[in-house]
Amino acid sequence: MDIRRRPPKPSLRPQVPPPPPSSDVSSPKASDALPLPLYLTNGVFFTLFFSVAYFLLHRWRDKIRNSVPLHVLTLSELAAIITLISSFIYLLGFFGIDFVQSFISKSESDDDSHQRFIIEEDRNIHCSMPTPAISKPIPMDLPEDDEELVSRVVSGEIPSYSLESKLGDCFKAAKIRREAVQRQTGRSVEGLPLEGFDYDSILGQCCEMPVGYVQIPVGIAGPLLLNGCEYSVPMATTEGCLVASTNRGCKAIYASGGATCVLLRDGMTRAPVVRFSSAKRASELKFFLEDSLNFDTLSVVFNKSSRFARLQGIQCAIAGKNLYVRFSCSTGDAMGMNMVSKGVQNVLDFLQSDFPDMDVIGISGNFCSDKKPSAVNWIEGRGKSVVCEAIITGEIVTKVLKTTVAALVELNMLKNLTGSAIAGALGGFNAHAANIVSAVFIATGQDPAQNIESSHCITMMEAVNNGKDLHVSVTMPSIEVGTVGGGTQLASQSACLNLLGVKGASKESPGSNSQLLATVVAGSVLAGELSLMSAIAAGQLVKSHMKYNRSSRDITKICS
């Protein structure tokens, strides 16, 4: 039988270029570091080794004959011993180097042959997976001066972060940096807008080394009837159904007479960690800080940091000889992290006089706790602690929410309470508070990372009025918001704050704007919880998402 090998199928993968021919220049060896040729060096050390060994043996034989102790050495004998040891080390190293070099050369040869084998085999493997299309950057037509700047940034001659200070033009700096990034990566950022943004407004406070900005659509839910006032709630999100669902919750609350929201406390926290030589010494500082007789003195020192910062309390926790001190203070209409940090630094500097052995490990010891889920925030609160409630009539539950009071109460108990407990949730006894919090945070210029603790929420539902109506509430102990500073001063975010009537700082009552924003966040969460729970109870969640959260447009045609 004539068996012939089939020709390999053409590969869909790009052809791998053959490896370059090996160079005639040999790879460097360890022996190249020797000052003399190798054969001369070897001869010198061989001669030294054997001649010195003979000399020492001869001397020791004479000592034994004359009963002279062997450890009594003359200067020549000491020099001979040192020479013997040195020559021995060299000879041992020489043979070791030769062995290792031969082993490495063999290993590299095996690796090269194995790699060539893999490359050759890879050319013959048929791959059905298409190579992903990578959008190549289209070179921009830049003036000669700008072209030179891009080249210098790409080469590293000009650091990318220094463009704003060198050029004095934030937009031009972003444009140069954008083109440099495309050339360095070989990838296009087409579709990321560059023009139409005030880059001067973010310099030194919002974002470093910008190359554009991301567009997030903003929807309006409402009106939300809260404490007798109506609010149109801006929500920046890319999740379909979220704004519509929250809007339905607002409709149900409005039709039932509105919601009531109460601010329980307002205090931002910061907790440094300090260390002492002993736990006893750490305890002394703990007792000092928690002594009410010292609070007024510490308040004066703390409050010097700002005209709005007012120390409210100090809570301490010990771990061995380490002390964690949680300061809480009011911060006006600012979210207040920088403000409270400055106040804490003032107190630490003041304490150094009475506790000179105090070692400040960090201004933040995670007992604050910022941007992390924590029991201390869930129990003690951080930022604004708020509770919001509403009574939804049975008629509205049926007509607007398309479910029943009994179904909502049962679902809330089994999902938000029992289910969250089984999951070991920390502050997550709700349906989707983080959805609404994140959307409002992004729209109003808050720190999106603080959504973590700001979304701590427990949702409660109870049948009232003989089971006819529904009492629903959300309790949120750590909503961290501000109406001044950070991203709140950007044009888009400032417009959303203005829509809510909380733009900037309140001159009549400092802190009232940020407190009002926190209540609006809680009221929006109440609306979102009410609507989503109703959709789940009625079995409409999947159906509504498939209808409103799935685009029927051909994205490939849109992009082309």
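Begin by selecting Asp-447 and Lys-371, whose side chains meet in a salt bridge (2.8 Å, N to O). A salt bridge here is a side-chain nitrogen of Lys or Arg within 4 Å of a carboxyl oxygen of Asp or Glu. Asp-447 lies in the loop between α13 and α14 (451–454) and Lys-371 in the loop between β7 and α10, so the pair ties together parts that are 76 residues apart in sequence. Helices (H or I, at least four residues) and strands (E, at least two) are DSSP runs, numbered from the N terminus. Asp-447 is partly exposed at 27% relative accessibility, and Lys-371 is partly exposed at 32%. Buried means under 20% relative accessible area, exposed means over 50%, and partly exposed lies in between (1.4 Å probe, protein chains only).

This is a predicted model, in which local features need pLDDT of at least 70 and side-chain atom pairs count only at pLDDT 80 or more, while totals for chains, interfaces and linings use all residues. Residues are numbered from 1 along each chain as its sequence is written, and side-chain values use heavy atoms, with hydrogens and water left out.

**The whole protein**

Now show the entire model. The protein has 18 helices and 11 strands, and 38% of its 560 residues count as buried.

**Further salt bridges**

The count of salt bridges comes to 16. Select Arg-177 and Glu-164, which form one of them, with the closest N and O atoms 2.8 Å apart. Arg-177 lies in helix α5 (residues 170–185) and Glu-164 in helix α4, so this pair ties together parts that are 13 residues apart in sequence. Are these two residues buried or exposed? Arg-177 is buried at 2% relative accessibility, and Glu-164 is buried at 12%.

Next select Lys-399 and Glu-395, another salt bridge with its closest N and O atoms 2.8 Å apart. Both residues lie in helix α11 (residues 394–399), 4 residues apart, about one turn of the helix. An α-helix has 3.6 residues a turn, so residues three or four places apart point the same way. Lys-399 is exposed, at 53% relative accessibility. Then select Lys-280, Arg-281, Glu-284 and Asp-357 together; these residues are linked in a network of salt bridges.

**Helix α15**

Select residues 491–500, which make up helix α15. Which of its residues are buried? They are Gln-493, Ser-494, Cys-496, Leu-497 and Leu-500. Look down the axis of α15: the buried residues fall within an arc of 160 degrees, so they line one face of the helix. The arc is that of the directions from the helix axis to the C-beta atoms. On the face turned away from this buried side are the exposed residues Ala-491, Ser-492 and Asn-498. The buried residues of α15 pack against β1 (218–226), β2 (229–236), α13 (433–444) and α16 (512–537). Just after the helix, Gly-501 takes a positive phi of about 80 degrees.

**Asn-430 and its neighbours**

Move to Asn-430, in the loop between β9 (428–429) and α13. With 12% relative accessibility, Asn-430 counts as buried. Leaving aside residues up to four places away in sequence, Asn-430 touches Asn-416, Ser-420, Ser-455, Cys-457, Thr-459 and Glu-529; contact means heavy atoms within 4.5 Å. The side chain of Asn-430 reaches the backbone oxygen of Cys-457 at 2.9 Å.

**Backbone details**

Select Gly-222 and Pro-223: the peptide bond between them is cis, with omega near 10 degrees. Pro-223 is placed in strand β1. A cis peptide bond also joins Cys-368 and Ser-369, with omega about 0 degrees; Ser-369 lies in the loop between β7 (359–362) and α10 (375–380).

Two further selections have a positive phi. Asn-227 has a positive phi of about 50 degrees although it is not a glycine, and Asn-227 lies in the loop between β1 and β2. Asn-466, with phi near 60 degrees, is found in the loop between β10 (457–464) and β11 (469–479). How do they stand at the surface? Asn-227 is partly exposed at 42% relative accessibility, whereas Asn-466 is exposed at 80%.

How values were computed: A polar contact is a pair of N or O atoms within 3.5 Å; within protein, one must be able to donate a hydrogen and the other to accept it, and residues adjacent in sequence count only if both atoms are side-chain atoms.
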